[in-house]
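Me: I have a model open on my screen and would like to learn how to read its features. Could you walk me through them?

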Amino acid sequence: MKNRKKVLFALPFMLLVWSLQAQIMNIERRRQQFDTIGWFGSTEWQLIAEQNSKRYFTFRTLNTIERQTYKRNFLVLSELRFVSGEGQTFANSGFIHFRYTYKVDEIPLDSTRSLKTGNFLRWESFVQQQYNALLGVRFRNLLGTGLRFKIVQKRILSFFTGITPLMHEYEIERTGKINNDLRLSTYAALNYKADNNLTLVMAVYYQPMWFKAYDHRISWEANVFTKLTRKFDLIINLNYMYDTNPPEGIRNHVYNILNGVRYNF
């Protein structure tokens, strides 16, 4: 009953952006970095009103629900961001992401033999829908499957890499141009827990298009979490993205710095 209440508590936040259709979405800081079984979740909110020479309004929410079992992990993420002022919209973006991960304990070689993986191999699949008016993306749908490798997982340090050989991308740009492409997606992620109150999570993604390696995207993200209380964290987020072929009128380099508070349940 307690777990059901946690899910019901988070559902309104998920439904808020369920109908929404950002460039590379870095999910490493949003998933659990350990093998504890159970339900997990968090919600982050930012609501800022400011007036100096002009009046500005900022709203952002990021929500996570995760179910971890011994062999399976189910992860649902959503985000909505809106910034406006004096009749202008400076940022309007959102996404929803679902990911399924399965722990591969052994690989069959034939009818009598199998290869033990040593608990380092995962198979995962994902689907994502997003939009980002500021980056010229009216709608983007991603669908992919691949492998995740646990290189190191200690109490204070964990390191993962992953590869998605085929990621299908369907995109409608602000101009109406439609892109229907296949990409390779690789990533590396580091999680360092200095103590019980300070955690650093970094990840880098590389996504070239198949048969057109010059058309690629690179994303780097760093996050610092500091505990305020048992349930609340202070967050500092740095994000940098480079796209060799962005939508028309959009620059190749994009970065942002965010800070906020996260509630863990």
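Me: Before we go on, what should I know about the model itself?

Reply: It is a predicted model, in which local features need pLDDT of at least 70 and side-chain atom pairs count only at pLDDT 80 or more, while totals for chains, interfaces and linings use all residues. Residues are numbered from 1 along each chain as its sequence is written, and side-chain values use heavy atoms, with hydrogens and water left out.

Me: Are Arg140 and Glu171 buried or exposed?

Reply: The cut-offs first: buried means under 20% relative accessible area, exposed means over 50%, and partly exposed is in between (1.4 Å probe, protein chains only). Arg140 has a relative accessible area of 1%, so Arg140 is buried. Glu171 is buried too, with 4%.

Me: How many salt bridges does a search of the whole structure find?

Reply: The search finds eleven. One of them joins the side chains of Glu124 and Arg99, at 3.0 Å from N to O. Glu124 lies in strand E5 (residues 114-132) and Arg99 in strand E4 (residues 88-108), so this pair connects parts that are 25 residues apart in sequence. Both Glu124 and Arg99 are buried.

Me: And what about Arg217 and Asp243?

Reply: Their side chains meet in a salt bridge as well, at 3.2 Å from N to O. Arg217 sits in strand E10 (residues 212-227) and Asp243 in strand E11 (residues 232-243), so parts 26 residues apart in sequence are tied together. Arg217 counts as buried at 4% relative accessibility, and Asp243 is buried at 1%. Salt bridges with shared partners join Arg140, Glu169, Glu171, Arg183, Asp215, Arg217 and Asp243 into one network.

Me: How do I read the surface?

Reply: Accessible areas come from the Shrake-Rupley method with a 1.4 Å probe; for residues, only the protein chains shown count as cover. The protein chain exposes about 14400 Å², and carbon and sulfur atoms supply 62% of that.

Me: Which residues form the nonpolar patch?

Reply: Patches are built from residues with over 30% relative accessible area and no salt bridge; like charges are joined within 9 Å, and nonpolar side chains (Val, Leu, Ile, Met, Phe, Trp, Tyr) within 5 Å. The nonpolar patch here consists of Val204, Tyr206, Ile218, Trp220, Ile236, Leu238, Tyr240, Tyr255 and Ile257, with about 810 Å² of accessible area together. Strand E9 (198-209), E10, E11 and strand E12 (253-264) each give at least two residues to the patch. E11 provides the largest share, three residues. Trp220 is in strand E10 and is partly exposed, at 35% relative accessible area.

Me: How are aromatic pairs read, and how many are there?

Reply: A pair of aromatic rings is described by the distance of the centres and the angle of the planes. Rings of Phe, Tyr and Trp (its six-membered ring) pair if their centres lie within 6.5 Å; planes under 30 degrees apart count as stacked, over 60 as edge-to-face and the rest as tilted. The count by this rule is six aromatic pairs. Phe120 and Phe149 have ring centres 6.1 Å apart and planes at 25°, so the pair is stacked. This pair links distant parts of the chain, with Phe120 in strand E5 and Phe149 in strand E6, 29 residues apart. Ring pairs also link Phe74, Tyr100 and Trp123 into a cluster.

Terms used:
A salt bridge is a side-chain nitrogen of Lys or Arg within 4 Å of a carboxyl oxygen of Asp or Glu. Helices (H or I, at least four residues) and strands (E, at least two) are DSSP runs, numbered from the N terminus.
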